[in-house]
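Thanks for coming, everyone. I have one structure to walk through today. Let me put it on the screen.

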Amino acid sequence: MRKRTLGLVSAMLISLVTGPAIAETGTEWMTGYDAFKTLQSMESKGLMPVSITCRDSNKRGLDVGETEYKVKFVKNSNDVHYYWAVGSEYGRMNLQATKEGHRRVSFAQYVRMKSGLTVRCAIWHKP
């Protein structure tokens with residue numbers, strides 16, 4: 001019993017020193033259209049994206065809805081400004097984000113099996 005109490009007190013002291021744990025939430029694989037809706041929903045809850053993974057859905061089209069995404073979100077307690085981009089928007093957003101002093105914090109890419117097209121997805125934060 002004494003060990004458990006000591007462990008709990010230690011954990012509470014660490015929490016007081018380091019602050020509360022960062023709440024983290026992630027998504028399952030979702031289409032591009034669902035990803036945009038999810039981003040808006042998470043943003044309204046004070047969360048920001050911190051990592052993104054993308055993959056081919058094996059559908060025929062080339063629009064953003066034909067790519068699938070997983071995104072991880074954390075509380076945006078420091079009001080960090082961020083950008084995210086997928087597909088054909090990646091190049092333009094990379095230039096803009098870099099020019100404005102953002103740092104890329106997550107990047108993924110894949111090659112579409114049927115066309116050989118490389119599709120990129122990324123997130124940038126302004127430190």
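Start at Asn76. Leaving aside residues up to four places away in sequence, Asn76 touches Gly46, Leu47, Met48 and Tyr82. Contact here means heavy atoms within 4.5 Å. Asn76 sits in the loop between β4 and β5. Asn76 is buried, at 17% relative accessible area. The cut-offs: buried is under 20% relative accessible area, exposed is over 50%, and partly exposed is in between, with a 1.4 Å probe and protein chains only.

A word on the source. This is a predicted model, where local features need pLDDT of at least 70, side-chain atom pairs count only at pLDDT 80 or more, and totals for chains, interfaces and linings use all residues. Residues are numbered from 1 along each chain as its sequence is written, and side-chain values use heavy atoms, with hydrogens and water left out.

Now back to Gly46. Gly46 follows α2 and has a positive phi, near 85°.

α2 covers residues 32-44, which is 13 residues. From first C-alpha to last, α2 reaches 19 Å, close to the 18 Å expected at 1.5 Å a residue. That expected span is 1.5 Å times one less than the number of residues.

Which residues of α2 are buried? Gly32, Ala35, Thr38, Leu39 and Met42. They share the same side of α2, because they cover an arc of only 105° around the axis. The arc is taken from the directions from the helix axis to the C-beta atoms. Covering these buried residues are, among others, β1, β2, β3, β4 and β5. On the face turned away, Lys37, Gln40 and Ser44 are exposed.

Next, salt bridges. The rule is a side-chain nitrogen of Lys or Arg within 4 Å of a carboxyl oxygen of Asp or Glu. The count by this rule is three.

Take Asp56 and Arg112: their closest N and O atoms are 3.2 Å apart. Asp56 is in strand β3 and Arg112 is in the loop between β6 and β7, so the pair ties together parts 56 residues apart in sequence. Both Asp56 and Arg112 are buried.

Glu68 pairs with Arg55, at 2.7 Å between the closest N and O atoms. Glu68 is in β4 and Arg55 in β3, 13 residues apart. Arg55 is partly exposed, at 34%.

Last, Arg92 meets Glu89 at 2.6 Å, N to O. Arg92 is partly exposed at 45%, and Glu89 is partly exposed at 37%.

How values were computed
Helix = DSSP H or I, 4+ residues; strand = E, 2+ residues; numbered from the N terminus.
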